[in-house]
Amino acid sequence: MTYLLICLLGLIFITFLCFCLYIKYIHLKYDHIPGPPRDSFVFGHLTTIQREMSNDRIVHDKFLECAVKKKHYPISPFKPNGHFSLSPQEVLMSPKYPKAPLVYKRLFNLFGQRFLGSGLVTAQNHDEWYKQRRIMDPAFSSLYLRGQMGAFNERAEKLMDKLADMADTNTAANMQHMFDCVTLDVITKVAFGVELDLLKESDSPFPNAIVMCLKGVIHYLRDFTFQLYPKNKKFINEVKKSCQLLRSTGRQWINERKMAVQNGEDVPKDILTQILKTAGKEENIANDDEELMLDNFVTFFIAGQESTANQLAFAVMELGRLPDILTKQEVDDVIGMKQEISFDDLGKMTYLSQVLKETLRLYPTAPGTSRFIPNNIVINGIPIPAGVSFVFNSYVCGRLDKFFEDPLKFDPERFHPDAAKPYYCYYPFSLGPRSCLGQSFAQVSRLLLLDFCLQYILFFNS
Ligand code: HEM
């Protein structure tokens with residue numbers, strides 16, 4: 001018995017020693033890359049990230065602080081599991097660097113519940129991703145979006161009606177919540193032909209489910225010890241339930257649409273119909289590949305709703321701080337007394353587009369992306385070993401005075417059509433082949449909703 005115990009202890013000791021040697025090997029591999037001192041031998045900079053999060057601070061401000069003060073840019077400082085960020089052109093523009101498994105493979109599940117699976121954002125394999133992107137592309141073309149202007153306008157009108165009702169009764173409007181509801185209404189209507197009317201139905205579990213999933217993603221990705229603490233169990237269960245709600249709703253809507261198509265019913269020509277039709281034509285995608293369809297269903301909600309809603313909320317916040325921007329005549333000049341805004345009207349809203357671009361510079365609502373580097377490369381004379389993941393942080397880039405003068409000032413003139421274009425330092429929709437598929441979709445809903453809001457504010461200011 002004693003002999004067995006000694007053997008067991010010896011085995012534990014040797015395993016521990018091997019583990020420490022492995023960690024030391026990892027340190028030696030990366031230590032020549034400049035960065036702040038490590039918090040812990042085993043966990044690297046994880047403690048700093050946990051500290052920032054538990055104090056409700058923005059973790060990206062910590063990265064920014066290091067990039068500014070410690071001059072570690074372009075290879076910036078944090079190495080939780082060997083992460084670095086750098087200037088993006090060479091990596092993001094090339095299809096030979098896949099999305100980093102450390103982030104995207106992990107998001108297949110969320111705390112054990114299938115989440116984004118192998119959908120568009122998370123697909124690792126280039127061919128698998130490309131096949132999906134080809135299928136989805138037409139559903140996001142400007143031709144298609146033009147045809148949906150009625151639905152976009154209708155949703156914006158509903159927001160205005162709601163705001164007018166609240167103004168009549170002197171009720172304060174939580175614009176963040178309003179935008180959450182209306183962007184979700186837009187996506188469900190334009191993409192899936194479903195009317196939710198969340199501005200009226202305030203007890204719908206949908207908006208909360210998305211928020212819960214996104215909160216879950218942050219903890220799940222940034223802190224791999226999160227699941228180990230019993231105090232987090234309740235939160236994790238809630239996240240899993242939210243995830244299930246999104247997927248079960250997706251299953252129901254997809255099946256209903258499939259049935260309608262099979263029965264020859266007159267279905268709306270929306271994104272869901274096109275996805276189903278095109279998927280049917282593809283030889284390699286089985287018609288009943290429901291799980292992948294659900295992955296993309298969840299992906300569109302997660303990628304498209306909160307990013308747009310938050311941006312609108314930030315834009316309104318900045319416009320409220322800078323009332324002189326509101327006096328710009330553009331909205332009146334282009335729209336005048338028109339009841340409905342057309343696709344072509346949106347193209348004329350140059351200044352409003354500048355406002356939106358500047359909002360995303362200061363508040364990028366999807367603040368980065370990451371890529372896996374399979375080969376050894378050299379950046380600014382520093383050799384980077386193969387097998388690491390790079391994080392490209394658009395929050396940090398947008399706030400560095402190296403790229404933008406007086407970076408904390410909100411100034412839409414930076415994006416004036418005659419101003420110099422930012423060179424690979426402004427990428428709120430990412431860059432290259434994996435850039436945002438919903439960019440035009442987002443542009444239509446953002447411009448239209450903000451435009452309606454401005455008309456409303458201008459009306460009340462006059
Ligand atoms: C202001 C609004 C938006 C912002 C700032 C934004 C930003 C981004 C960013 C940064 C990425 C790259 C993500 C990564 O590499 O991890 C991305 C990808 C994506 N976005 Fe958006 N997005 C917005 C709105 C939308 C909307 C409205 C939709 C759809 C309805 C959408 C659908 C997608 C999809 C499907 C991808 C994955 C593209 C691919 O890998 O092929 N996004 N978005």
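This is a predicted model: local features need pLDDT of at least 70, side-chain atom pairs count only at pLDDT 80 or more; totals for chains, interfaces and linings use all residues.
1. A quick term before we start: a residue counts as buried if 20 or more other C-beta atoms lie within 10 Å of its own, and as exposed if 12 or fewer do. Helix 1 is hardly covered, with a count of 0 buried residues among its 29.

2. Next, the inside of the model. The largest nonpolar core has 71 residues, and Cys213, Leu448, Leu449 and Leu450 touch the most other members. Helix 13 (residues 290–321) gives this core its largest share, 15 residues. Another core lies apart from it; this one has 12 residues, including Leu92, Ile373, Val388 and Phe390.

3. If you set aside its neighbours within four places in sequence, Leu448 is in contact with Phe152, Asn153, Ala156, Ile341 and Leu346.

4. Back to helix 13, this time for its packing with helix 17 (residues 350–362). The two axes are 9 Å apart and the helices pack at an angle of about 105 degrees. Angles of 65 to 115 degrees count as roughly perpendicular, so that is the label for helix 13 against helix 17.

5. Which residues meet there? On the helix 13 side you'll find Gln311, Phe314, Ala315 and Glu318, and facing them in helix 17 are Val355, Leu356, Thr359 and Leu360. By type, the residues of this contact split into 5 nonpolar, 2 polar and 1 charged.

6. A couple of backbone spots to check. Most residues other than glycine have a negative phi. Asp197, though, has a positive phi, near 50 degrees. You'll find Asp197 in the loop between helix 9 (175–192) and helix 10 (206–222). Is Asp197 buried, exposed or partly exposed? There are 13 other C-beta atoms within 10 Å, so Asp197 is partly exposed.

7. Tyr424 is the other spot: its phi is positive too, near 50 degrees, in a residue other than glycine. Tyr424 sits in the loop between helix 18 (394–398) and helix 19 (439–461). It has 16 C-beta neighbours inside 10 Å, so Tyr424 counts as partly exposed.

How values were computed. Residues are numbered from 1 along each chain as its sequence is written. A nonpolar core is a set of buried Ala, Val, Leu, Ile, Met, Phe, Trp, Tyr and Cys residues joined through C-beta atoms within 7 Å. Helices (H or I, at least four residues) and strands (E, at least two) are DSSP runs, numbered from the N terminus. Two residues are in contact if their C-beta atoms, placed from the backbone, lie within 7 Å. Axes are lines fitted to C-alpha atoms, for helices over the stretch in contact, and angles run from 0 to 180 degrees between N-to-C directions. Angles under 35 degrees count as roughly parallel, over 145 as roughly antiparallel, 65 to 115 as roughly perpendicular and the rest as oblique. Ala, Val, Leu, Ile, Met, Phe, Trp, Tyr, Cys and Pro count as nonpolar, Asp, Glu, Lys and Arg as charged, and the others, Gly among them, as polar.
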